[in-house]
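I would ask everyone to look at the structure on the screen while I take you through selected parts of it.

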Amino acid sequence: MTPPVIRFDDLGQVFRTEAGRAVTALDRVSFDIGRHEFVAVLGPSGCGKSTLLRLIAGLIAPTRGAVEIYGMRVTEPRDEIGIVFQRPTLLPWFDVLGNVTFPMRHKYGRVTEVERARARDLLALVDLADFADKRIDELSGGMQQRVAIARALLLDPDILLMDEPFSALDALTRDEMSFELLRIWSDRPKTVLFITHSIPEAVLLADRIVVMTPRPGRVREILDVPLPRPRSMATLTDPTFHALADHIRGSLFSRPAAA
Amino acid sequence: MPSPITSVAVSSPVPPQPEAATETAPPDARAPLSVWLDRSAPAVAFLAVLAAWEGATRLFAIPSFLLPAPSAVVTAALATPLEVWLGHVWATLRVALMGYGLAILVSVPLAVALASSRLLSRTLYPLLVVVQSTPIVAIAPIIVVTLGASDLPRIVITFLITFFPIVVSTVTGLLSTPEELIELSRSLRAGRTREILHIRLPYALPHLFSALKISTTLAVIGAVVAEFVAAERGLGFFILFSTSFFKIPAAFAGLVLLVAISLLLFRLVGLVQKRLVPWSLPKSER
């Protein structure tokens, strides 16, 4: 059997506060993510969701257990990964195209015509084909986040890590971006780990939802989302959608069972 | 300026304002007087102060060694030959620019070092604060004695008064880089050098330019302080020399030139910023 794309094996993360107190961000997290699977990690603030993402990205080392990518233990950042953050964090001194090609320039020191053409394709993919030479401050928040998605896709990663990418957007743009992301994902299938604290967003987007408990962050339950794809506006009125969302809501607001 | 792009993204047509139809007043339709006042208010205020100054000195017959009238200052300025003025201006400007340049050359790498290493920052920062807390006017004579009578002590004095704001602002800028971009850089394994060159330093540019503007004025102050201590040329020397002979109008003329140099350098740095890094300015100033 081939190993899963991402495996969390009894993962634990303890931080020391400045006062020297130990804070358990993640505790006994174990689950697998399959190829081209879209997994949402859902939980309240302080459940270690972002820590989970940084562990996969190899930006921090776990204090216990391991993260494996393709069966190999993650000890440093790897090439298979693209990250989209909560804020677009684009570079104001580059135009849109310059921002999309930035990972290339930053990693290898130069950008070839091939990459520039690739970046233009990606801009077309995120519906910004005509904005390649615009300045960043000429773009709305939603458009900036699309540029950030294109930037994350530039080096063609197998794995896309998204850390509450739409939480800084207004509600209408947020819905629009969810459908955009689904369209992009169907066009360029990737293994996606999507961090969110929005229940409808998780249900609409994901194949599976990992529900986390806060302090310490543990996996409360893992739910399959049996909604058919492609998903659309109609999905939002599907009874299954509401049943699942209600279930998660109940699960999140009930007291955690004694571990 | 309304940007057409944002309206595409939002794509929510704004309902026409009922007042908009009746009150279609273009900006130029205001009373001509108020438009004129709006544009020339600074110049008018400046001239008014000059006029009041001139009037007061005449009305109360203030002796020119206490407060010379603007007209007396102009007369004194014209009494000194142009090449003498240029010699003094050049002497002061040269010291100010060399001290300023030295401050930039030292401060930016120093700021990178301080921002990169916690140990360095903990070791050097207190020392820098001690240097900054030392009154430069008090230390200037010591520096002149130590380094001898040349341009060198003057440049060092200018440097000492100029470099601290540049270091502090650049460090602030380097550390204000969004954490996500540093994580992006690390996830790409681009290396520390590229992280600093491609992300941190550009992010520090708005802060750096704020400090560079402040430092132009400080550089002129530094040059004048140095000339007060030991010099035989320069506007600071000229002012000191003139006052010791009670030629107060001439001293005022030198002062006006110093202000002009400060303003010019300040403006010049502003233009460089506008030209090279327009994104670092607020939209209204581009």
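Predicted model: local features only at pLDDT ≥ 70, side-chain atom pairs only at ≥ 80, totals over all residues.

H10(B) passes H12(B) in a right-handed crossing. The contact draws on B:Phe209, B:Leu212, B:Lys213, B:Thr216, B:Thr217, B:Val220 and B:Val224 from H10(B). From H12(B), the residues taking part are B:Leu258, B:Ile261, B:Ser262, B:Leu265, B:Phe266, B:Val269, B:Gly270, B:Val272 and B:Gln273. Sorted by class, the contact of these two helices comprises 10 nonpolar, five polar and one charged residues.

How do the axes of the two helices lie? Helix H10 covers residues 192-229 of chain B and helix H12 covers residues 248-276; their axes come within 9 Å and cross at roughly 155°. H10(B) is therefore roughly antiparallel to H12(B), since an angle over 145 degrees counts as such.

H10(B) has a further partner. Helix H8, residues 151-175 of chain B, packs with H10(B) at an angle of about 160°, the axes being 7 Å apart. By that angle, H8(B) is likewise roughly antiparallel to H10(B). The crossing of H8(B) with H10(B) is right-handed. In this contact there are 18 nonpolar, nine polar and three charged residues.

Let me turn to helix H11 of chain B, residues 235-244. Which of its residues are buried? They are B:Leu235, B:Gly236, B:Phe237, B:Phe238, B:Ile239 and B:Ser242. The cover over these buried residues includes H5 (82-116), H10 and H12 of chain B. After H11(B) comes B:Phe246, which has a positive phi, near 60°.

Among contacts in chain B with a separation of 6 or more, 70% are between residues 24 or more positions apart. An unreviewed UniProt entry places the feature "domain: ABC transmembrane type-1" at residues 89-269 of chain B. Over that span, the chain is 88% helix and 0% strand, and the end C-alpha atoms are 19 Å apart.

Chain A also carries an annotation. Here UniProt, again in an unreviewed entry, places the feature "domain: ABC transporter" at residues 6-239. That span of chain A is 30% helix and 27% strand, with its end C-alpha atoms 31 Å apart.

A:Leu11 sits in strand E1, residues 6-16. Is A:Leu11 buried or exposed? Its relative accessibility is 0%, so A:Leu11 counts as buried. Beyond its neighbours within four places in sequence, A:Leu11 contacts several residues, including A:Leu26, A:Val29, A:Leu52, A:Leu55 and A:Val67. A:Arg73 is 62 residues away from A:Leu11 along the chain, and the C-alpha atoms of the two are separated by 12 Å.

The second residue is A:Thr89, located in the loop between strand E6 (81-84) and helix H2 (96-100) of chain A. A:Thr89 counts as buried because its relative accessibility is 8%, where buried means under 20%. What does A:Thr89 touch, not counting residues up to four places away in sequence? In chain A, A:Thr89 touches A:Arg151, and in chain B it touches B:Pro178, B:Glu180 and B:Leu181.

Key. Residues numbered from 1 in each chain as written. Chains lettered and ligands numbered in written order. Heavy atoms only, no water. UniProt positions renumbered as here; feature names shortened; annotations may be inferred. Helix = DSSP H or I, 4+ residues; strand = E, 2+ residues; numbered from the N terminus. Axes fitted to C-alpha atoms, helices over the stretch in contact; angles between N-to-C directions. Parallel < 35°, antiparallel > 145°, perpendicular 65-115°, else oblique. Left-handed = near helix turned anticlockwise from the far one by under 90°. Contact = heavy atoms within 4.5 Å. Nonpolar A, V, L, I, M, F, W, Y, C, P; charged D, E, K, R; others polar. Buried < 20%, exposed > 50% of the residue type's maximum accessible area, 1.4 Å probe, protein only.
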